[in-house]
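Dear colleague,

I am handing over the structure we spoke about, and would be glad if you could look through it alongside the notes that follow.

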Amino acid sequence: MRQLRLAALMTEKATLLYEDGKRPGAEANMAKLLASEASWKAAEACLQTHGGYGFAEEYDVERKYRETRLYQIAPISTNLILSYIAEHVMGLPRSY
Ligand SMILES: Cc1cc2nc3c(=O)[nH]c(=O)nc-3n(C[C@H](O)[C@H](O)[C@H](O)COP(=O)(O)OP(=O)(O)OC[C@H]3O[C@@H](n4cnc5c(N)ncnc54)[C@H](O)[C@@H]3O)c2cc1C
């Protein structure tokens, strides 16, 4: 729940910066990272709550489980977000 709130706050910050004509690359990347982690945690809780039924196709939980994991890969992977933050926010040398 805390992660969801953080993701929402960071999304709002990125949106406000964008609307203000700024380039919120760091904030947008961080919002996406936090949101992908929040959705994956929600999927984990959902699967655990449903137990074995979570694997039954007709409950649609397994589909959501798979699809929430997607956000750590696409449209941009977690590794590339961390690389972006390392390079553009922390000023570290590009790692690849
Ligand atoms: C369901 C789905 C829908 C999609 N829809 C679209 C679409 O509509 N339009 C579109 O353009 N694309 C789309 N894509 C593609 C998507 O944008 C890419 O899959 C995504 O950007 C990841 O790139 P990749 O698949 O080449 O994986 P890769 O970039 O090869 O990543 C593979 C692994 O290597 C890691 N990795 C890659 N580079 C680095 C690095 N420099 N340092 C450390 N680790 C690294 C990644 O984090 C990941 O774990 C879609 C993909 C999926 C799965």
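A crossing of two helices is called left-handed if the near helix is turned anticlockwise from the far one by less than a right angle, and right-handed if clockwise. With that convention in hand, the crossing of H2 and H4 is left-handed. Please bear in mind throughout that this is a predicted model.

To stay with this pair for a moment, helix H2 covers residues 25-50, and it packs against H4 at an angle of about 145°, the two axes lying 10 Å apart. On the H2 side the meeting residues are Gly25, Ala26, Asn29, Met30, Lys32, Leu33 and Ser36, and they face Thr78, Ile81, Tyr84, Ile85, His88 and Val89 in H4. Sorted by class, this contact of H2 with H4 holds 7 nonpolar, 5 polar and 1 charged residues.

H2 also packs against H1, where the axes come within 8 Å and cross at roughly 155°. Since angles over 145 degrees count as roughly antiparallel, H1 and H2 are therefore roughly antiparallel to each other. Their crossing, too, is left-handed. H1 brings Gln3, Leu4, Leu6, Ala7, Met10, Thr11, Lys13, Ala14 and Leu17 to the contact, while H2 brings Glu27, Ala28, Met30, Ala31, Leu34, Ala35, Glu37, Ala38 and Lys41. The residues of this contact of H1 with H2 divide into 12 nonpolar, 2 polar and 4 charged.

Ala14 is buried, because 20 other C-beta atoms lie within 10 Å. Once its neighbours within four places in sequence are left aside, Ala14 is in contact with Pro24, Glu27, Ala28 and Ala31. Ala43, by comparison, stands 29 residues from Ala14 in sequence and 25 Å from Ala14 in space, taken from C-alpha to C-alpha.

Turning to H2 and H3, their axes come within 9 Å and cross at roughly 160°, and H2 and H3 are therefore roughly antiparallel to each other. The crossing of H2 and H3 is left-handed. Ser39, Trp40, Ala42, Ala43, Cys46, Leu47 and His50 of H2 make this contact with Val61, Lys64, Tyr65, Thr68 and Arg69 of H3, and by class it has 7 nonpolar, 3 polar and 2 charged residues.

Two points in the loops call for attention when you inspect the backbone. In the loop between H2 and H3 lies Asp60, whose phi is near 70°, a positive value in a residue other than glycine. Asp60 is partly exposed, because 13 other C-beta atoms lie within 10 Å. In the loop between helix H3 (61-70) and H4 there is Pro75, and the peptide bond that leads from Ala74 to Pro75 is cis, with omega near 0°.

Which residues are found around the ligand? They are Leu70, Ile73, Ala74, Pro75, Ile76, Ser77, Thr78, Asn79, Leu80, Ser83 and Tyr96, so that both partners of the cis peptide bond, Ala74 and Pro75, are among the residues of this shell. Helix H4 (residues 78-89) supplies the largest share of the shell, 4 residues. By class, the shell around the ligand has 7 nonpolar, 4 polar and no charged residues.

With best regards

Definitions and conventions
Residues are numbered from 1 along each chain as its sequence is written. This is a predicted model: local features need pLDDT of at least 70, side-chain atom pairs count only at pLDDT 80 or more; totals for chains, interfaces and linings use all residues. A residue is near a molecule or strand if its C-beta atom, placed from the backbone, lies within 6 Å of it. Ala, Val, Leu, Ile, Met, Phe, Trp, Tyr, Cys and Pro count as nonpolar, Asp, Glu, Lys and Arg as charged, and the others, Gly among them, as polar. A residue is buried if 20 or more other C-beta atoms lie within 10 Å of its own, exposed if 12 or fewer, and partly exposed in between; C-beta atoms are placed from the backbone. Two residues are in contact if their C-beta atoms, placed from the backbone, lie within 7 Å. Axes are lines fitted to C-alpha atoms, for helices over the stretch in contact, and angles run from 0 to 180 degrees between N-to-C directions. Angles under 35 degrees count as roughly parallel, over 145 as roughly antiparallel, 65 to 115 as roughly perpendicular and the rest as oblique.
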